[in-house]
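Student: I would like to go through this structure with you, one topic at a time. Could we begin with a helix?
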Protein chains: 2
Amino acid sequence: MVDGEEVRNKKVIFRDYVNGFPVESDMYLSTDNTIRLKVPEGSNGVLVKNLYLSCDPYMRIRMREDEDPTVITSFAPGSVMTGFGVAKVLDSGHPKFKKGDLIWGMTGFEEYTLITTPESLFKIEHTDVPLSYYTGILGMPGMTAYVGFHEICSPKKGEYVFISAASGAVGQLVGQFAKLIGCYVVGSAGSKEKVDLLMNKFGFNKAFNYKEEHDLNDVLKRYFPEGIDIYFDNVGGKMLEAVILNMREHGRIALCGMISQYNLDQHEGVNNLMCLIYKRVRMEGFTATEYFPLYSKFLDMILPHIREGKIAYVEDIAKGLESSPSALVGLFSGRNVGKQVIEVARREA
Amino acid sequence: MVDGEEVRNKKVIFRDYVNGFPVESDMYLSTDNTIRLKVPEGSNGVLVKNLYLSCDPYMRIRMREDEDPTVITSFAPGSVMTGFGVAKVLDSGHPKFKKGDLIWGMTGFEEYTLITTPESLFKIEHTDVPLSYYTGILGMPGMTAYVGFHEICSPKKGEYVFISAASGAVGQLVGQFAKLIGCYVVGSAGSKEKVDLLMNKFGFNKAFNYKEEHDLNDVLKRYFPEGIDIYFDNVGGKMLEAVILNMREHGRIALCGMISQYNLDQHEGVNNLMCLIYKRVRMEGFTATEYFPLYSKFLDMILPHIREGKIAYVEDIAKGLESSPSALVGLFSGRNVGKQVIEVARREA
């Protein structure tokens with residue numbers, strides 16, 4: 001590869017807005033594009049080679065047409081999909097970045113991307129951990145778990161913590177953060193394999209497969225006879241409703257995501273919000289991006305834990321850009337076990 | 001009336017648990033009781049003559065059988081109803097109270113009550129304001145408005161504030177507290193008369209009659225083209241759902257009450273909680289009683305405002321204990337204009 005060379009650039013194109021569950025054919029691979037591996041004259045962008053791409057549940061929201069554009073931008077039909085990723089800088093028009101730097105941040109689902117807003121990228125300084133981690137435990141999902149648990153939930157030692165979608169990128173970390181400060185932690189997931197991970201790999205106190213439970217209220221009462229102090233909600237809907245019934249006084253609910261609702265045309269109603277008054281519960285929505293200024297503080301905390309093996313982390317890595325549609329769609333049937341990543345290319349020497 | 005005399009004691013008896021809208025016959029007046037106007041030997045209770053009784057929406061919840069007894073106690077069928085009131089001490093077994101003291105706190109819907117937990121009563125020290133105010137602006141509803149707005153909503157000057165059931169005991173005060181710190185305040189109420197009060201008596205910026213609006217989302221967009229920073233929710237249900245759609249980023253919702261839901265067997269679901277994530281909104285339930293330790297601080301703030309005429313207050317006073325069933329039932333059709341009080345007896349010289 002020669003500097004400034006014109007090369008093929010495979011892309012994952014978003015075909016059109018999606019109703020119901022997304023299917024692989026909502027995206028397609030376009031192979032007849034080229035890109036010049038050079039930042040255009042006068043641009044302060046960076047030209048990157050994508051290494052790892054992150055599949056995150058929030059991306060389903062971007063497949064809808066009707067969301068409020070002031071808070072979330074839909075994908076543009078016929079255009080390349082975008083998302084978080086890890087990439088290597090091939091050329092830079094920005095003083096903060098130079099050729100050879102590794103970065104993570106918003107990029108394209110394609111081989112090469114010209115990132116025109118490099119201010120929002122993070123330079124990767126620590127490469128003694130797998131680079132793919134910067135799509136997860138060391139990236140947006142890690143920050144989501146960290147700020148959602150520590151900033152939104154105000155946890156205290158000994159409190160009872162429940163996490164839904166607990167083996168996912170965010171849930172597995174929230175559970176381990178909660179264990180680190182001495183909470184009692186229960187997680188729900190959608191398969192025996194995931195429940196085993198929660199118990200044996202991530203050290204949760206208890207875990208259950210929600211698909212095997214007929215009555216969510218009953219199962220929560222069983223695992224939390226004293227009630228729930230903190231609920232980290234990744235799923236919304238009926239699980240949220242059942243949890244609200246089981247909250248303790250002064251409980252806190254962090255609304256992180258609602259994956260059970262993303263594919264529904266009409267979201268399920270939660271009909272027991274009055275319990276929030278009786279129990280004086282706080283429920284708060286948040287997004288990690290707002291807390292990105294805390295990222296270096298977060299890294300200082302988590303890197304030693306990873307290096308010392310005090311925090312486990314499970315990824316589900318699909319190989320090749322071609323696997324993107326299948327990997328993304330799999331998130332919504334829960335096919336992934338752990339953080340879903342796409343390996344586009346390996347870091348070159 | 002002679003000390004220790006045995007006298008007639010009319011009572012309002014709760015007949016049985018209520019489904020749907022309460023009707024007057026869910027309560028009845030019992031006139032064949034007597035009481036000795038003396039605290040029993042060895043008791044640390046106080047024997048009071050009730051002067052004003054408070055009709056509050058939360059009392060509807062106590063008419064249900066199935067509420068969680070750890071957080072709210074249902075009325076006992078066949079027993080006297082209880083609630084907040086203003087009373088005069090006729091005899092006391094408690095060192096904090098003596099004959100002739102005026103108090104406010106939990107008492108019975110009857111002429112005389114032996115209060116066996118006088119620790120929770122407040123002694124009334126300021127009598128240059130109407131005594132009935134201690135059922136409202138200077139009592140539980142006043143504290144509800146104060147802590148709900150200042151502690152739960154963290155208001156800032158210039159913010160956009162919406163209040164439902166805005167002419168009620170709590171709503172009228174929240175609106176005026178918000179105006180005092182320079183917020184833009186809109187209220188909803190259920191009649192033209194109440195809307196006029198909001199505009200002309202309480203100084204709201206805008207007000208509307210929700211019964212005349214077909215589309216709550218539309219009307220909120222009209223009054224809040226920039227969105228809502230703070231929602232003080234007294235009604236729940238469809239209004240809460242419409243407000244959530246119109247919240248601004250980092251908005252706060254204080255869940256105070258949900259009067260629209262109290263008479264429904266199956267509460268309405270709120271189906272757009274995902275907006276709380278996009279907009280990073282905090283929603284929190286609270287009850288004033290937890291904040292009663294702040295009462296004297298509250299009094300120091302509000303009494304000067306009342307004396308200087310800076311805060312207006314509207315009461316709807318029904319005369320005689322006999323009016324209790326009608327006054328209580330009227331709350332749920334919105335018949336009262338302002339704080340609903342029952343005058344059982346006037347203060348004697």
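Tutor: Let us begin with α2(B), whose buried residues are Gly171(B), Gln172(B), Leu173(B), Val174(B), Gly175(B), Gln176(B), Phe177(B) and Ala178(B). Buried means under 20% relative accessible area, exposed over 50%, and partly exposed in between, with a 1.4 Å probe and protein chains only. Helices (H or I, at least four residues) and strands (E, at least two) are DSSP runs, numbered from the N terminus.

Student: What kind of model is this, and how are things numbered and counted?
Tutor: This is a predicted model, in which local features need pLDDT of at least 70 and side-chain atom pairs count only at pLDDT 80 or more, while totals for chains, interfaces and linings use all residues. Residues are numbered from 1 along each chain as its sequence is written, chains are lettered from A and ligands numbered from 1 in the order in which they are written, and side-chain values use heavy atoms, leaving out hydrogens and water.

Student: Why is α2 of chain B described as largely enclosed by the rest of the structure?
Tutor: Eight of the ten residues of this helix, which spans residues 171–180 of chain B, are buried, so the rest of the structure largely encloses it. Those buried residues pack against α1 (140–152), β10, β11 (184–189), β13, α7 (295–307) and β17 (339–343) of chain B, where contact means heavy atoms within 4.5 Å.

Student: Which residue with positive phi follows α2(B)?
Tutor: Gly182(B) follows α2(B), and its phi is near 90°.

Student: Now the sheet. What is the strand order?
Tutor: Twelve strands form an open sheet with mixed pairing, in the order β12(A)-β11(A)-β10(A)-β13(A)-β14(A)-β15(A)-β15(B)-β14(B)-β13(B)-β10(B)-β11(B)-β12(B). Two strands pair if DSSP finds at least two bridges between them. β12 (206–209) of chain A and β12 (206–209) of chain B stand at the edges with a single partner strand each, so one side of each has no neighbour in the sheet.

Student: In which sense do β10 and β13 of chain B pair?
Tutor: Strands β10 (residues 160–163) and β13 (residues 228–233) of chain B pair in the parallel sense over three bridges. Within β13(B), Ile230(B) is the bridge partner of Val161(B).

Student: Where does Arg280(B) sit, and is it buried or exposed?
Tutor: Arg280(B) lies in the loop between α6 (274–278) and β15 (282–285) of chain B, and is buried at a relative accessible area of 13%. Beyond its neighbours within four places in sequence, Arg280(B) is in contact with Gly285(A), Phe286(A), Thr287(A), Glu290(A), Glu249(B), His250(B) and Gly251(B). His250(B) is 30 residues away along the chain, yet the two C-alpha atoms are separated by 5.1 Å.
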